[in-house]
Amino acid sequence: MLTFLARRLSQIIPTLIFVSILIFSLQQLLPGDPALVMAGEERDPAVIEQIRKQYRLDQPLPIQYGYWIKGVLSGDFGESLRIKMPVRDLIVQKLPVTLQLASMAIVIAFLIGIPAGIVSAVKRGTGWDYAANLFALWGISTPNFWLGIMLIFVFSIQLGWLPASGYVSLAEDWRASLAATIMPAFVLGNAIAAILMRHTRSAMLQVLSSDYIRTARAKGISERQVILRHALRNALTPVITLGALELGTLLSGAVLTEQIFSIPGFGKLIVDAVFNRDYAVVQGVVLVTATVYIMLNLIADLAYVLVNPRLRS
Amino acid sequence: MAETTLSSPGIRTLAPLERPIQRAWRSLVKRRGAMVGLGLITAFILLAVLAPLVAPYDPIKTSWAFVRKAPSAAHWFGTDDLGRDVLARVIYGARASLLAGAISVVIALSIGVPIGMIAGYRGGVIDALISRITDAMLACPFLILAIALAAFLGPSLGNAMIAIGISATPIFVRLTRGEVLSVKVEEYVEAARSVGDTDLQIAVRHILPNIMPALLVQATLSVAAAIIAEAALSFLGLGQQPPAPSWGSMLNAAQRFLTNAPWMAIWPGLAIFLVVLSLNLLGDGLRDALDPQQEE
Amino acid sequence: MLRKNWCLAALAAVLMTSCGTLAQAQTTLRIGLAEDPDVLDPTMARTYVGRIVFAATCDKLFDIDDKLNIVPQLALSHETSADGKEVTIKLRPGVKFHDGEPFDAEAAKFSIDRHLTFPGSFRKPELASVDHVDVVDPLTIKLVLKAPFSPLIAQLTDRAGMMVSPKAAKEAGDKFGLRPVCAGPYKFVERVQQDRIVFEKFADYWNKDNVFIDKIVYQPIVDATVRLANLKSGGLDLIERVLATDIKDVRADSKLALSTAIELGYQGITLNIGKDKAKGPLSQSAKVRQALDLSIDREALNQVVFNGEFMPGNQWVNPSHPYYQKAFPMRARDVEKAKALLKEAGVTPPVAVDFMVPKGAETEAVAQVVQSMAAEAGFDMKIRVTEFATSLKQAEAGDYQAYMLSWSGRIDPDGNSYVFMKKNAPQNYSVWENAEADKALDDARLVTDMAQRKALYEKLAKLEIEEEPILYLYHRRILIAHTKKLEGYKQMPDGLVRLIGLKLK
């Protein structure tokens, strides 16, 4: 176990270094000049030159990278070119929003995906099974942004039930907050629910055909007990791990959904920063979300190994 | 994750390739979902190829007198903000979407598979290096990678395909590597090596055919993902250039007219949904059909 | 079963209460913006949307009225010396900044000096004519100019005229924009990036008797349809940049009102003359540019894309503007003449044109209409949708033949012309070089009399229309929709949302 942990940990450092190089160089590949973008309608050459100097945009790339990494290591992620705010503060500001949206999406995914998976496994081959499978197919086949647009069309424009966009924090008004985030959370959760449903189904099928379930049944334990007590517990571990991984992708993966619903989370922050060439923001936020993603991966792997000792070797 | 198929060594032998393919096909034909998917895809491909014959109007012909008209007998899907026939644009849009889906996956395959094979087959430092880079790419959000690459290459359908292809590469690297690791210890590889086959020969003749099923399944599913990604890039203005239609750019334009002309958003969205759905159906069917364990 | 019902009821309750408007003790005006503003420091700011937010918090020395006359705000009056090189400004007494510091001549000098000298200041070019500022007495300052500059007072109606608290500005340095301290009607409370900017009523505002709303919240919502949906559902009270195609919708809604004015800016196509690497026909011959112009039906364009709500135009100010040159009216579309001009110029259609179009659904629609119209005259406009950031760079490098361009407009006509047409000016992307035009532009800066200036601009208009470095297409209507509960709203042509005198029933 320890050697496994040590090996995985030793992989994380080089991965993170590559992540940092990747986002830094990708950023620099982008055409356009951040100083020009920053200047907006006021394109005075002297002022633009001044900005380049101030943000070291005029220096060679390796040196810029060096400054950035040096800052990151001491907890300084640089400053947004566009609004002059430290990137660290921006991340702190956005984190609760993204976490709320991501956790709501995951909760929705679990609430839909797991029961659907159980039902379709237990009632294999029946109409229930088909319905659940169809739902799963719908979930993975609907483009997020289209679903988002359609939800806004139906629930905000036609019915007027839910606010079309915007964000209210839970602390400020939890009801308004839920109303504002339920549609985007559903859009995100819907796709994950489909994936969870499929995994729950196959895990359940596997467990249900295993020897000890047969033994349990033979002992005369009620089917309900067999499923809920014995089968589910064993089937759910990989599903929950998968859910944790999906949470990781949600942190920055809600790019278009956040854009459509004007949810001020990481996804919207990154995309807007890419288009505004706000380098420090893109680099900082992607680095943070990538790190979280890698860590969640590690935790998921560890959980796997703990559950399946066979994999330790 | 731990999804490597645990086929017991020795069972798989150097059987002629036709047999498993025929077997898989027979198994596939029995799966209704997969057949529906295959049928729909074929229909869409036909639509795309025969677009000039099928489409009722020229997809880029503007008509100032027919701006944002609701569906009618003359325009089944209605007209868009510049008076163009939405049905014709959906039909021609299939070209962009299907092409983008297919080509970007071909790009991802042709970069990802060799790299993955090298990593899996050689191991050691090369493997470590490739694996870490792959991990790093997978840790960055897919769409952000694609957006950045598309912006770098400049907006055009071709460049969007390249951007999506490169962003999708790490999945194939990882998959190929894993498959190679599980295959390369098999007896027939050892046998080939002892006969003196070169690494390249072993890779192409023995390993590739054996990892084909897994790649095929992943490729089908990736085409679906790539079609969504192309739509997303076009939606953000980084894909197909106007006035040529693509489903994503149609959705992009439609967003402003959700209240006044909802049909502009409904049809292209539905088209994406159907194509992706059928690819997923087909992919699922393929997975089941090609999985030796599923054989009953 | 019972539990399930309870759940549904709770869910319904959640949804309903959150959608209905919540009664609040104090009045809050929620404004939907089309973009997230940039830094809120008048010295460093550079976006149109940012100016809308400044209207709440930073008063300026001067302001404009709906006829574009300059009226005093933090200043009381101004006087220009006979040689035009000294401008004396009397300041309003008894004005306080949000931090309680007094606004006086020292503070005014500090603010202008800050605009002039702060590293990275975007106001520096606007105030380039100012040599230095003298404090005459505690309520009088004198701007000493390097040369006469007639648009100066107009500059002071915008960000260059915004006064900041010297104490706060010194303390905050380049972080001032995170917490601006000015002398406007509302005080900065908080900003959540991409989400909201909150202001509250400033108790010591000099004109506090005309401030009736307690709190202002700005929320950036990029999608226009969604912005309107929020206004309709009551989630917002006022939104800017309503789509022209949604006007009917707003008018049909009995709860909503629409306030409009024609913008100061313009929308057009810059044609690359001096820097076209490919040396395409468009850059080589004014006749080809004329042909392109003649191929476009501006009124039809307006009808198709904007339901006829905008104003077609052919100059850098709109046809209702005092500086519009009536001697050069818009020409009607004439495809035959366009074809003839192409023939005269010796080019054979189709004339391929690399048409760079900044990303944006509306811009792209306009571009496609232009493309379709120009095709009939023999142009093959190849649209290249380009990210805004990239388009700036490519425009500067001359990597385009035609470039769709949007200018938000300035109060003085100089702000709509000089930087775009003067030789070597920063936004002369066309690289048009014409000594006569340069002279007209320079001369117009020296005189203050409107008739004289207009005569100078007439020369410029003639040259511009002959040479056509910029093909002007139309002027947007500033479209502000708000709930009828809001009283006293009046739209000024600069597009800003002024809050003085507004009441929320």
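**Exercise 1. Two helices from two chains**

Task: At what angle do helix H6 (residues 127–141) of chain A and helix H11 (residues 263–290) of chain B pack, and how far apart are their axes?

Solution. Please keep in mind that this is a predicted model.

- Step 1: The angle between H6(A) and H11(B) is about 125°, and their axes are 9 Å apart.
- Step 2: H6(A) and H11(B) form a right-handed crossing.
- Step 3: Now find the residues that meet. H6(A) brings A:Leu137, A:Ile140 and A:Ser141, while H11(B) brings B:Phe273, B:Val276, B:Leu277, B:Asn280 and B:Leu281.
- Step 4: Sort the residues of this contact by class, and you get six nonpolar, two polar and no charged.

**Exercise 2. Chain B as a whole**

Task: How many helices and how many strands does chain B have?

Solution. 

- Step 1: Chain B has 11 helices and zero strands. Its pattern along the sequence is α-α-α-α-α-α-α-α-α-α-α.
- Step 2: Picture a box along the principal axes. The C-alpha atoms of chain B fill one of roughly 75 × 45 × 30 Å.
- Step 3: Of the 296 residues in chain B, 54% are buried.
- Step 4: Take the contacts in chain B with a separation of 6 or more: 71% of them join residues 24 or more positions apart.

**Exercise 3. Where chain C is touched**

Task: How many residues of chain A are in contact with chain C, and how many residues of chain B are?

Solution. 

- Step 1: Begin with chain A, where 45 residues are in contact with 41 residues of chain C.
- Step 2: Several helices of chain A each supply at least two residues to this side, among them helix H5 (87–122) and helix H8 (174–208).
- Step 3: The side of chain A that touches chain C has 23 nonpolar, 11 polar and 11 charged residues.
- Step 4: Turn to chain B, where 19 residues are in contact with 24 residues of chain C.
- Step 5: On the side of chain B that touches chain C there are 10 nonpolar, seven polar and two charged residues.

**Exercise 4. Into the core**

Task: Which residues have the most contacts inside the largest nonpolar core?

Solution. 

- Step 1: The largest nonpolar core has 349 residues, and those with the most contacts inside it are A:Ile270, B:Ala146 and B:Ile147.
- Step 2: Follow A:Ile270. Beyond its neighbours within four places in sequence, A:Ile270 is in contact with A:Ser252, A:Val255, A:Val282, A:Val285, A:Val286 and B:Ile144.
- Step 3: A general idea to carry along: in soluble globular proteins, nonpolar side chains tend to be buried together.

**Exercise 5. Exposed or partly exposed?**

Task: Is A:Glu223 buried or exposed, and is C:Lys422 exposed or partly exposed?

Solution. 

- Step 1: Locate A:Glu223 in helix H10 (residues 223–253) of chain A.
- Step 2: A:Glu223 has 11 C-beta neighbours inside 10 Å, so A:Glu223 counts as exposed; the cut-off for exposed is 12 or fewer.
- Step 3: Locate C:Lys422 in the loop between helix H14 (414–421) and helix H15 (435–446) of chain C.
- Step 4: C:Lys422 has 19 other C-beta atoms within 10 Å and is therefore partly exposed.
- Step 5: Leaving aside neighbours within four places in sequence, C:Lys422 is in contact with C:Asn428, C:Asp438 and C:Leu441.

**Exercise 6. One helix of chain C**

Task: Which residues of helix H10 (residues 298–306) of chain C are buried?

Solution. 

- Step 1: The buried residues are C:Arg298, C:Leu301, C:Asn302, C:Val304, C:Val305 and C:Phe306.
- Step 2: These buried residues of H10(C) pack against strand S14 (311–312), helix H12 (361–377) and strand S18 (470–475) of chain C.
- Step 3: Just after H10(C) comes C:Asn307, with a positive phi of about 55°.

Notes. Residues are numbered from 1 along each chain as its sequence is written. Chains are lettered from A and ligands numbered from 1 in the order in which they are written. This is a predicted model: local features need pLDDT of at least 70, side-chain atom pairs count only at pLDDT 80 or more; totals for chains, interfaces and linings use all residues. Helices (H or I, at least four residues) and strands (E, at least two) are DSSP runs, numbered from the N terminus. A residue is buried if 20 or more other C-beta atoms lie within 10 Å of its own, exposed if 12 or fewer, and partly exposed in between; C-beta atoms are placed from the backbone. Two residues are in contact if their C-beta atoms, placed from the backbone, lie within 7 Å. Ala, Val, Leu, Ile, Met, Phe, Trp, Tyr, Cys and Pro count as nonpolar, Asp, Glu, Lys and Arg as charged, and the others, Gly among them, as polar. A nonpolar core is a set of buried Ala, Val, Leu, Ile, Met, Phe, Trp, Tyr and Cys residues joined through C-beta atoms within 7 Å. Axes are lines fitted to C-alpha atoms, for helices over the stretch in contact, and angles run from 0 to 180 degrees between N-to-C directions. A crossing is left-handed if the near helix is turned anticlockwise from the far one by less than a right angle, and right-handed if clockwise.
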